[in-house]
Amino acid sequence: MMRRFWAILIGRNKEFLRDRGAMGWNLLFPFFVVFGMAFAFSDKRQDVFKVGVMGEVSALPVGFGATKHLKFVPFDDAAAAQGKLRHHQLDILVRPGKPLMYWVNENSPKGYLVEKILLGADAGGLSPVRKTVEGRPIRYVDWLVSGLLSMNMMFSALFGVGYNLVRYRKNGVLKRLKATPLRAVEFLTAQVVSRLILIMGVFAVVYHGSDFFLHFQRLGSLLDLYLIFALGSACLISLGLLVAARVTSEELAGGVLNMLSWPMMFLSGVWFSLEGAPKALRLFADMMPLTHLIDAARAVMTEGATLSHVAPHLYVLAGMTALFLAVGAWTFRWD
Amino acid sequence: MSGVLEARGLFKRYSKAAADAVCGLSLSVREGSCFGLLGPNGAGKTTTVEMLEGILKPDAGEIFYRGAPIGPAFRERTGIQFQDTALQDHLTVRELLNLFGALYPSRLSEAELVRLCDLGELLDRDPQKLSGGQRQRALLALALVNDPDVVFLDEPTTGLDPQARRNFWDLARSIKARGKTILLTTHYMEEAYALCDEVAIVDRGRIIAQGAPDTLLKKHFDGVVIELPKADFQAPTGGVPGEVLERGETMELLTSEVEGALEALKRGGSSLAHLRVRPRTLEDLFLALTGRELRE
């Protein structure tokens, strides 16, 4: 059993490493994306002011609440909200009531401006109490990098495994293997592990390579980040296997993979936060493995979360992986 | 019947097909023999072979290997060369032999495979860059990697030049000399005649004739074929002994009385300058049995 698994695993790895074009593309593309985005967004932070609200948004002073270009995000957890303020993800945090309390980050110019707006509107009469926090800003690129790396992983996992498998089914490689004692589960596991090794290798090179130039701000542990990405990519690879389990046409496989990857690319929070997104969208996003991978990785990067903090995401990813693999192996066809 | 491989009452119909690809086919392959399945494209040869290989599940019927129904362990005892097989990209012949060898509980050594299939200079090359004949040798080596008892060769020489085809026949003979049983499909009659101890002619999913090639020919024919170009042929008024067939630009006279037939042709005014006399072949037999060309 192990010998057959190893034979397929080693063969698959050699195949990939010798395919210079694919190898180069797999390494270069993520670099292009990360650096391109870092450059494109280097100066532009979001151009609305984000106001965290402890409690009901409707309870805010009316004038302040009606100010244009302010985005109000309700919070229940004071510590979480202050963490965001510390990393400049919120410009100010307000608790309505009398006295009205607010927190600003002394290092944030935007915080300074929103504070002026708050006091200049109609909060003056509510005997406002000022509190401060301090902290380095988290740049958009620090926030974005988890999403970009996850997205790249998704393409590599879905297309690298799914498309390749369908091609092998179509040209008869799988049929030739079927004529041997090799079992489907041995073959499929080798495909998953081979791709996992590749993806994590690319992840390590791209993450540390970009970090060397961009100096990411990572608040959580690197090991946690690796574990989350490994689980996430296992889940995405399994999804690729599931799609490719029986399909014999490369066009159909390509279509299905695109249908899966495009919504994930845009709706799972790669580019913008799902915080404050409509409920239906959030529900839809939660069905996608990429959302959980990004949420967990981003929490480690920008909030210093540990594995236990992001456990719900990890459970979902592990559950999806098991489900995809089981159904994929169950429905798998060699020809 | 006590063959190493036996099939009883195989049926197979593909979804959406109007007729059975294989209907009620039974056969028995003797140990150490070369058994040929002959027939035109679409006759059901490949479907039959794939059922025998255990690759395709029959809709009905049973297949036995050494008296027991075939199961997963059967794969360890068989070697298969498919009609068209792609292999994993970017791996050399040597690496593919090692990969496939590792999939079986026991394997032939690399040196043995090199000797058997004349792989010498091919080991470190990319199979995609080999010539047709070299590629077939490499695929044969993969089929032999587990030292199988039964070797399936599905149209192994289609598309090869005559020299490469004859080389492949030599390899097949040396495999048989090692006591292996070979199941060969082909639509080349001279190939079947050269290699097979027994042939079964398949048409429309059924075996229509079966036996040793010479026995089959003797049973269905006596005599020879006299061929004349159509332009040279004049039908004699008194007729000729035997049967006259028109095949394209050639007239064929099937007869057991050569002298009488030649007399009659001469009498009728046919020119005998381009006349050819040849023995009856499996191709003639197929045509006689089905009224169809083998390679149509």
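This is a predicted model: local features need pLDDT of at least 70, side-chain atom pairs count only at pLDDT 80 or more; totals for chains, interfaces and linings use all residues.
Of the 296 residues of chain B, 42% count as buried, where buried is taken to be 20 or more other C-beta atoms within 10 Å of the residue's own, with exposed meaning 12 or fewer, partly exposed lying in between, and the C-beta atoms placed from the backbone. Residues are numbered from 1 along each chain as its sequence is written, and chains are lettered from A and ligands numbered from 1 in the order in which they are written.

Chain B as a whole has C-alpha atoms that fill a box of roughly 70 × 45 × 35 Å along the principal axes. Among contacts in chain B with a separation of 6 or more, 68% come from residues 24 or more positions apart, a contact being two C-beta atoms, placed from the backbone, that lie within 7 Å.

Now to the sheet. Six strands of chain B form an open sheet in the order E6-E7-E8-E3-E9-E10, with mixed pairing, where strands pair if DSSP finds at least two bridges between them. Its edges are strand E6 (78-81) and strand E10 (206-211) of chain B, each of which pairs on one side only, and the twist averages 15° from one strand to the next.

Within this sheet, what is the sense in which E3(B) and E8(B) pair? They pair in the parallel sense over five bridges, and Leu38(B) has Thr186(B) of E8(B) as its bridge partner. Strand E3 (residues 34-38) of chain B also pairs in the parallel sense with strand E9 (residues 198-203) of chain B, over four bridges; there, Phe35(B) stands opposite Glu198(B), and Gly36(B) has Val199(B) as its bridge partner.

Five of the five residues of E3(B) are buried, so this strand is largely enclosed by the rest of the structure. Both of its faces are covered, with Cys34(B), Gly36(B) and Leu38(B) buried on one side and Phe35(B) and Leu37(B) buried on the other.

As for the helices, helix H6 (residues 162-177) of chain B lies across E3, E7 and strand E8 (181-186), running at about 150° to E8(B). Helix H5 (residues 132-144) of chain B lies across E6 and strand E7 (150-154), at about 160° to E6(B). Such angles run from 0 to 180 degrees between N-to-C directions, with axes fitted as lines to C-alpha atoms, for helices over the stretch in contact.

Definitions and conventions: Helices (H or I, at least four residues) and strands (E, at least two) are DSSP runs, numbered from the N terminus.
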